[in-house]
Amino acid sequence: MQTPSNITLNKDKNVLTLTFNGIDYPLPTEFLRVYSPSAEVVGHGPGQETLQLDKENVKIDRIEPTGNYAIILFFNDGHDSGIYSWEHLYKLAMSKDELWSNYLARLKEAGHTHSQL
């Protein structure tokens, strides 16, 4: 399991930077929100995922550690049920570009707008 050596939320509360193996991975809060590991987002099994909409301006209000393996992110849209394990955060950091492209494609396919479309 990869554990971040540093976690920093920028002053605008819209980018969380994780450091793994000495490399910084800035993750926008919208990205973290739409890839929350919560049941609200991923469902309770394959095919039950819910496309998250209108999260472009979401921010992180606070971060709380959970044991030695995860953090909970409290978003300003009220979402706080995702437990972001180090493993999940590492996967998000390593696959950010691909995951983000997939998210934008899913939005477009569903007929929704986004500033990056």
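Me: Buried means under 20% relative accessible area, exposed over 50%, and partly exposed in between (1.4 Å probe, protein chains only). This is a predicted model, in which local features need pLDDT of at least 70 and side-chain atom pairs count only at pLDDT 80 or more, while totals for chains, interfaces and linings use all residues. Residues are numbered from 1 along each chain as its sequence is written, and side-chain values use heavy atoms, leaving out hydrogens and water. Is Arg-62 buried, exposed or partly exposed?

Reply: Arg-62 forms a salt bridge (a side-chain nitrogen of Lys or Arg within 4 Å of a carboxyl oxygen of Asp or Glu) with Glu-64, the closest N and O atoms being 3.0 Å apart. Glu-64 has a relative accessibility of 31% and is therefore partly exposed. The relative accessible area of Arg-62 is 42%, so Arg-62 is likewise classed as partly exposed.

Me: Which residue in S6 is the bridge partner of Ala-70?

Reply: S5 also pairs with strand S6 (residues 83-85), in the antiparallel sense and over three bridges. In S6, the residue bridged to Ala-70 is Ser-85.

Me: How many residues of S5 are buried?

Reply: In a regular strand the side chains alternate between the two faces of the sheet. On one side of S5, Ala-70, Ile-72 and Phe-74 are buried, and on the other Ile-71, Leu-73 and Phe-75 are buried as well. S5 is thus mostly covered, and the number of buried residues among its six is six.

Me: With which side chain does the side chain of Lys-55 make a polar contact?

Reply: Lys-55 lies in the loop between helix H2 (39-42) and strand S4 (60-66), and it counts as buried because its relative accessibility is 14%. Not counting residues up to four places away in sequence, Lys-55 touches (heavy atoms within 4.5 Å) Glu-30, Arg-33, Val-34 and Asp-77. A polar contact is a pair of N or O atoms within 3.5 Å; within protein, one must be able to donate a hydrogen and the other to accept it, and residues adjacent in sequence count only if both atoms are side-chain atoms. At 2.8 Å, the partner of the Lys-55 side chain is the side chain of Asp-77.

Me: What is the relative accessible area of Arg-33?

Reply: Arg-33, Glu-40, Lys-55 and Asp-77 are linked in a network of salt bridges. In it, the side chains of Glu-40 and Arg-33 meet at 3.2 Å, N to O. Glu-40 counts as partly exposed because its relative accessibility is 42%. Arg-33, by contrast, is buried, and its relative accessible area is 2%.

Note on methods
Helix = DSSP H or I, 4+ residues; strand = E, 2+ residues; numbered from the N terminus. Pairing = 2+ DSSP bridges.
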